[in-house]
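Please look through the sequence and the model shown here before reading on.

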Amino acid sequence: MPRILVVGRTGQLGTALAEALPATSWPHHLMEAPELDLTQAASIAAALAATQPELVINAAAYTAVDAAETHVELAHAINATGPGLLAQAAAAAGAAIIHISTDYVFDGSQGPWREHDTPAPLGVYGATKLAGEQAVAAANPRHAIIRTAWVCSATGHNFLKTMLRLGETHEELRVVADQQGAPTFADDLAAAIITMAPRVVAGQGTGLFHLTGAPATTWHGFAEAIFAEAAKHGRKAPLVHPITTAEYPTPARRPADSRLECSRITALHGVQPADWRLSLARAVERLLKE
(Lines give C-alpha, C1' and ligand atoms only; values in the text may rest on other atoms or scores of the structure.)
Protein backbone atom coordinates (compact mmCIF):
# COMPACT_ATOMS: atom_id res chain seq x y z
CA MET A 1 0.00 0.00 0.00
CA PRO A 2 2.36 2.75 -1.19
CA ARG A 3 1.75 6.27 0.06
CA ILE A 4 1.18 8.44 -3.00
CA LEU A 5 1.43 12.15 -3.69
CA VAL A 6 -0.19 13.37 -6.91
CA VAL A 7 0.95 16.75 -8.23
CA GLY A 8 -1.56 18.47 -10.52
CA ARG A 9 -4.83 17.84 -8.71
CA THR A 10 -7.28 19.58 -11.06
CA GLY A 11 -5.88 18.61 -14.46
CA GLN A 12 -7.42 15.86 -16.55
CA LEU A 13 -5.09 13.16 -15.24
CA GLY A 14 -5.14 14.50 -11.68
CA THR A 15 -8.94 14.39 -11.70
CA ALA A 16 -8.91 10.83 -13.05
CA LEU A 17 -6.43 9.76 -10.37
CA ALA A 18 -8.56 11.43 -7.70
CA GLU A 19 -11.50 9.32 -8.88
CA ALA A 20 -9.53 6.06 -9.19
CA LEU A 21 -7.20 6.04 -6.18
CA PRO A 22 -9.85 5.62 -3.45
CA ALA A 23 -10.66 2.15 -4.80
CA THR A 24 -7.06 1.06 -4.14
CA SER A 25 -7.20 1.93 -0.41
CA TRP A 26 -3.70 3.36 -0.82
CA PRO A 27 -3.01 6.48 1.30
CA HIS A 28 -2.83 9.40 -1.10
CA HIS A 29 -2.72 13.17 -1.29
CA LEU A 30 -3.43 15.40 -4.28
CA MET A 31 -1.87 18.85 -4.48
CA GLU A 32 -1.27 21.75 -6.82
CA ALA A 33 -0.10 25.35 -6.62
CA PRO A 34 0.00 27.23 -4.33
CA GLU A 35 -0.06 24.27 -1.92
CA LEU A 36 2.74 22.68 -3.94
CA ASP A 37 4.43 25.13 -6.29
CA LEU A 38 6.56 23.26 -8.82
CA THR A 39 8.67 26.35 -9.42
CA GLN A 40 9.73 26.60 -5.76
CA ALA A 41 12.09 24.06 -4.20
CA ALA A 42 11.03 25.06 -0.68
CA SER A 43 7.36 24.49 -1.51
CA ILE A 44 8.13 21.04 -2.91
CA ALA A 45 10.22 20.09 0.13
CA ALA A 46 7.47 21.21 2.51
CA ALA A 47 4.82 19.21 0.63
CA LEU A 48 6.90 16.03 0.69
CA ALA A 49 7.72 16.48 4.36
CA ALA A 50 4.01 16.85 5.13
CA THR A 51 2.85 13.84 3.10
CA GLN A 52 5.88 11.50 3.28
CA PRO A 53 5.10 9.71 0.01
CA GLU A 54 6.72 6.56 -1.30
CA LEU A 55 5.66 7.52 -4.82
CA VAL A 56 5.21 10.93 -6.41
CA ILE A 57 3.06 11.15 -9.55
CA ASN A 58 3.68 14.32 -11.52
CA ALA A 59 0.51 14.99 -13.51
CA ALA A 60 1.14 18.76 -13.66
CA ALA A 61 2.30 20.52 -16.81
CA TYR A 62 2.11 23.71 -18.81
CA THR A 63 0.09 22.34 -21.74
CA ALA A 64 -0.87 25.51 -23.63
CA VAL A 65 1.13 24.56 -26.72
CA ASP A 66 0.65 27.81 -28.63
CA ALA A 67 1.00 30.10 -25.61
CA ALA A 68 4.27 28.39 -24.73
CA GLU A 69 5.83 29.97 -27.81
CA THR A 70 5.62 33.36 -26.09
CA HIS A 71 5.66 32.28 -22.43
CA VAL A 72 8.92 30.41 -22.68
CA GLU A 73 10.18 31.01 -19.14
CA LEU A 74 6.93 29.91 -17.51
CA ALA A 75 6.69 26.79 -19.67
CA HIS A 76 10.30 25.90 -18.83
CA ALA A 77 9.75 26.47 -15.11
CA ILE A 78 6.71 24.17 -14.96
CA ASN A 79 7.71 21.55 -17.54
CA ALA A 80 11.46 21.31 -17.06
CA THR A 81 12.90 22.90 -13.92
CA GLY A 82 9.95 21.97 -11.70
CA PRO A 83 9.91 18.24 -12.51
CA GLY A 84 13.66 18.12 -11.91
CA LEU A 85 13.25 19.73 -8.48
CA LEU A 86 10.35 17.37 -7.71
CA ALA A 87 12.33 14.28 -8.73
CA GLN A 88 15.32 15.44 -6.71
CA ALA A 89 13.21 16.04 -3.61
CA ALA A 90 11.49 12.68 -4.06
CA ALA A 91 14.85 10.91 -4.26
CA ALA A 92 16.06 12.68 -1.12
CA ALA A 93 12.89 11.56 0.66
CA GLY A 94 13.28 7.95 -0.51
CA ALA A 95 10.36 8.15 -2.95
CA ALA A 96 10.04 6.98 -6.55
CA ILE A 97 8.49 9.20 -9.24
CA ILE A 98 6.17 8.68 -12.20
CA HIS A 99 6.33 11.62 -14.60
CA ILE A 100 4.06 12.26 -17.58
CA SER A 101 5.53 13.49 -20.86
CA THR A 102 4.35 13.88 -24.43
CA ASP A 103 4.56 12.89 -28.08
CA TYR A 104 5.62 16.49 -28.77
CA VAL A 105 9.24 15.54 -27.96
CA PHE A 106 9.27 14.13 -31.52
CA ASP A 107 9.12 16.04 -34.80
CA GLY A 108 6.40 13.83 -36.31
CA SER A 109 8.44 12.91 -39.38
CA GLN A 110 7.94 9.17 -38.94
CA GLY A 111 6.23 6.72 -36.63
CA PRO A 112 5.21 4.82 -34.66
CA TRP A 113 7.84 6.24 -32.31
CA ARG A 114 9.79 3.97 -29.97
CA GLU A 115 11.31 5.03 -26.67
CA HIS A 116 14.86 4.94 -28.04
CA ASP A 117 14.09 7.10 -31.10
CA THR A 118 15.89 10.44 -31.14
CA PRO A 119 13.69 13.33 -29.92
CA ALA A 120 13.49 16.49 -32.02
CA PRO A 121 10.83 18.87 -30.65
CA LEU A 122 9.25 21.34 -33.06
CA GLY A 123 8.42 24.01 -30.48
CA VAL A 124 8.80 25.32 -26.96
CA TYR A 125 6.27 22.97 -25.37
CA GLY A 126 7.99 19.85 -26.70
CA ALA A 127 11.43 21.19 -25.86
CA THR A 128 10.49 21.96 -22.27
CA LYS A 129 8.84 18.57 -21.81
CA LEU A 130 11.96 16.87 -23.16
CA ALA A 131 14.10 18.88 -20.73
CA GLY A 132 11.74 17.75 -17.96
CA GLU A 133 12.23 14.09 -18.90
CA GLN A 134 15.98 14.51 -18.78
CA ALA A 135 15.88 16.34 -15.43
CA VAL A 136 13.67 13.66 -13.83
CA ALA A 137 15.84 10.79 -15.11
CA ALA A 138 19.02 12.47 -13.88
CA ALA A 139 17.64 13.30 -10.42
CA ASN A 140 15.93 10.07 -9.39
CA PRO A 141 16.97 6.54 -10.44
CA ARG A 142 13.56 5.14 -9.42
CA HIS A 143 11.60 6.87 -12.15
CA ALA A 144 9.05 5.93 -14.77
CA ILE A 145 8.48 8.50 -17.50
CA ILE A 146 5.36 7.94 -19.58
CA ARG A 147 5.03 9.69 -22.92
CA THR A 148 1.42 9.92 -24.01
CA ALA A 149 -0.61 11.83 -26.60
CA TRP A 150 -3.99 13.38 -27.39
CA VAL A 151 -5.19 13.24 -23.78
CA CYS A 152 -8.90 13.79 -23.30
CA SER A 153 -11.63 13.07 -20.78
CA ALA A 154 -15.03 14.18 -19.58
CA THR A 155 -13.31 16.89 -17.50
CA GLY A 156 -11.02 19.82 -18.22
CA HIS A 157 -10.27 21.38 -21.60
CA ASN A 158 -9.74 18.99 -24.50
CA PHE A 159 -10.62 18.14 -28.10
CA LEU A 160 -13.59 15.97 -27.16
CA LYS A 161 -15.33 18.70 -25.19
CA THR A 162 -14.49 21.32 -27.81
CA MET A 163 -16.04 19.22 -30.57
CA LEU A 164 -19.22 18.58 -28.59
CA ARG A 165 -19.53 22.29 -27.83
CA LEU A 166 -18.97 23.35 -31.44
CA GLY A 167 -21.32 20.65 -32.68
CA GLU A 168 -24.16 22.34 -30.81
CA THR A 169 -23.82 25.58 -32.78
CA HIS A 170 -22.29 24.59 -36.14
CA GLU A 171 -23.75 22.58 -38.99
CA GLU A 172 -20.31 22.16 -40.56
CA LEU A 173 -16.81 21.97 -39.09
CA ARG A 174 -13.31 21.81 -40.59
CA VAL A 175 -10.88 19.45 -38.83
CA VAL A 176 -7.27 18.59 -39.63
CA ALA A 177 -6.94 15.20 -41.33
CA ASP A 178 -3.18 14.94 -41.97
CA GLN A 179 -2.02 14.56 -38.35
CA GLN A 180 -2.22 11.03 -37.02
CA GLY A 181 -2.06 9.63 -33.52
CA ALA A 182 -4.29 7.98 -30.95
CA PRO A 183 -6.56 9.54 -28.32
CA THR A 184 -5.63 8.64 -24.75
CA PHE A 185 -8.37 8.90 -22.15
CA ALA A 186 -7.28 10.14 -18.74
CA ASP A 187 -9.06 7.37 -16.84
CA ASP A 188 -7.19 4.73 -18.88
CA LEU A 189 -3.90 6.52 -18.19
CA ALA A 190 -4.73 6.68 -14.47
CA ALA A 191 -5.48 2.95 -14.43
CA ALA A 192 -2.13 2.23 -16.09
CA ILE A 193 -0.27 4.33 -13.53
CA ILE A 194 -1.99 2.52 -10.66
CA THR A 195 -1.00 -0.83 -12.20
CA MET A 196 2.62 0.32 -12.49
CA ALA A 197 2.89 1.97 -9.08
CA PRO A 198 3.88 -0.97 -6.82
CA ARG A 199 6.68 -2.15 -9.11
CA VAL A 200 8.02 1.36 -9.67
CA VAL A 201 8.11 1.91 -5.89
CA ALA A 202 10.08 -1.34 -5.63
CA GLY A 203 12.56 -0.05 -8.20
CA GLN A 204 11.35 -2.48 -10.86
CA GLY A 205 10.04 -1.65 -14.32
CA THR A 206 11.58 1.81 -14.33
CA GLY A 207 12.69 3.97 -17.25
CA LEU A 208 10.97 5.46 -20.26
CA PHE A 209 7.62 4.23 -21.61
CA HIS A 210 5.09 5.08 -24.29
CA LEU A 211 1.35 4.72 -23.75
CA THR A 212 -1.59 5.91 -25.83
CA GLY A 213 -4.96 4.55 -26.76
CA ALA A 214 -5.47 2.38 -29.83
CA PRO A 215 -6.02 2.20 -32.77
CA ALA A 216 -4.42 5.12 -34.60
CA THR A 217 -6.60 7.74 -36.26
CA THR A 218 -6.52 11.39 -37.32
CA TRP A 219 -8.07 14.44 -35.66
CA HIS A 220 -10.72 14.31 -38.39
CA GLY A 221 -11.36 10.63 -37.71
CA PHE A 222 -11.58 11.30 -33.98
CA ALA A 223 -14.06 14.13 -34.56
CA GLU A 224 -16.28 11.93 -36.67
CA ALA A 225 -16.20 9.23 -33.99
CA ILE A 226 -17.17 11.80 -31.35
CA PHE A 227 -20.20 12.96 -33.31
CA ALA A 228 -21.22 9.40 -34.16
CA GLU A 229 -21.18 8.56 -30.46
CA ALA A 230 -23.08 11.72 -29.55
CA ALA A 231 -25.70 10.88 -32.19
CA LYS A 232 -26.51 7.72 -30.23
CA HIS A 233 -27.70 10.08 -27.48
CA GLY A 234 -29.86 12.16 -29.78
CA ARG A 235 -27.34 14.84 -30.70
CA LYS A 236 -27.35 16.14 -34.26
CA ALA A 237 -23.99 15.54 -35.96
CA PRO A 238 -22.43 18.36 -38.01
CA LEU A 239 -20.74 17.68 -41.34
CA VAL A 240 -16.99 17.37 -40.67
CA HIS A 241 -14.77 18.46 -43.56
CA PRO A 242 -11.16 17.18 -43.69
CA ILE A 243 -8.51 19.89 -44.07
CA THR A 244 -4.72 20.01 -44.06
CA THR A 245 -2.50 21.38 -41.33
CA ALA A 246 -1.55 24.20 -43.71
CA GLU A 247 -5.19 25.26 -43.84
CA TYR A 248 -5.29 25.62 -40.04
CA PRO A 249 -2.13 27.55 -39.09
CA THR A 250 -1.18 27.81 -35.42
CA PRO A 251 1.68 29.61 -33.60
CA ALA A 252 3.29 26.27 -32.67
CA ARG A 253 3.97 23.50 -35.15
CA ARG A 254 2.33 20.13 -34.43
CA PRO A 255 3.85 16.68 -35.12
CA ALA A 256 2.28 15.14 -38.23
CA ASP A 257 2.78 11.63 -36.85
CA SER A 258 2.18 11.23 -33.11
CA ARG A 259 1.79 7.46 -33.08
CA LEU A 260 3.70 5.94 -30.16
CA GLU A 261 4.82 2.30 -30.10
CA CYS A 262 3.67 0.92 -26.73
CA SER A 263 5.07 -2.62 -26.46
CA ARG A 264 7.61 -1.84 -23.71
CA ILE A 265 5.00 -0.90 -21.12
CA THR A 266 3.07 -4.06 -22.00
CA ALA A 267 6.16 -6.24 -21.63
CA LEU A 268 7.28 -4.80 -18.29
CA HIS A 269 3.97 -3.89 -16.64
CA GLY A 270 1.28 -5.82 -18.49
CA VAL A 271 -0.40 -2.56 -19.50
CA GLN A 272 -2.19 -2.80 -22.85
CA PRO A 273 -3.21 0.28 -24.87
CA ALA A 274 -6.93 0.78 -24.25
CA ASP A 275 -9.39 0.93 -27.15
CA TRP A 276 -10.17 4.64 -27.18
CA ARG A 277 -13.50 4.01 -28.91
CA LEU A 278 -14.80 2.26 -25.79
CA SER A 279 -13.39 5.02 -23.60
CA LEU A 280 -15.01 7.63 -25.85
CA ALA A 281 -18.40 5.98 -25.37
CA ARG A 282 -17.98 6.22 -21.58
CA ALA A 283 -16.89 9.85 -21.70
CA VAL A 284 -19.64 10.99 -24.07
CA GLU A 285 -22.30 9.26 -22.00
CA ARG A 286 -20.97 10.95 -18.86
CA LEU A 287 -20.80 14.37 -20.49
CA LEU A 288 -24.27 14.24 -22.00
CA LYS A 289 -25.82 12.96 -18.79
CA GLU A 290 -24.23 15.85 -16.93
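The paragraphs below turn to the cavities and then to one residue in a strand.

The model is predicted, so local features need pLDDT of at least 70 and side-chain atom pairs count only at pLDDT 80 or more, while totals for chains, interfaces and linings use all residues. Residues are numbered from 1 along each chain as its sequence is written, and side-chain values use heavy atoms, with hydrogens and water left out.

The structure holds three cavities of 30 Å³ or more, a cavity being a set of points on a 1 Å grid over the protein atoms alone where a 1.4 Å probe fits but cannot get out. The largest cavity has a volume of about 40 Å³, taken as the space filled by probe spheres set on the points, which are joined across faces, edges and corners. Its lining, meaning residues with an atom within 4 Å of a point, includes Met 163, Leu 164, Phe 227 and Arg 235. Both α5 (159-169) and α7 (219-231) supply at least two residues of this lining, and α5 gives the largest share, four residues; helices here are DSSP runs of H or I with at least four residues, strands runs of E with at least two, numbered from the N terminus.

Ile 100 lies in strand β4 (residues 96-102). Ile 100 counts as buried because its relative accessibility is 10%, where buried means under 20% relative accessible area with a 1.4 Å probe and protein chains only. Leaving aside residues up to four places away in sequence, Ile 100 touches Leu 13, Asn 58, Lys 129, Ile 146, Thr 148 and Ile 193, contact meaning heavy atoms within 4.5 Å.

Terms used: On a 1 Å grid over the protein atoms alone, a cavity is a set of points where a 1.4 Å probe fits but cannot get out, and a pocket is an open set with protein on both sides within 12 Å along at least five of seven lines; lining residues have an atom within 4 Å of a point. Buried means under 20% relative accessible area, exposed over 50%, partly exposed in between (1.4 Å probe, protein chains only).
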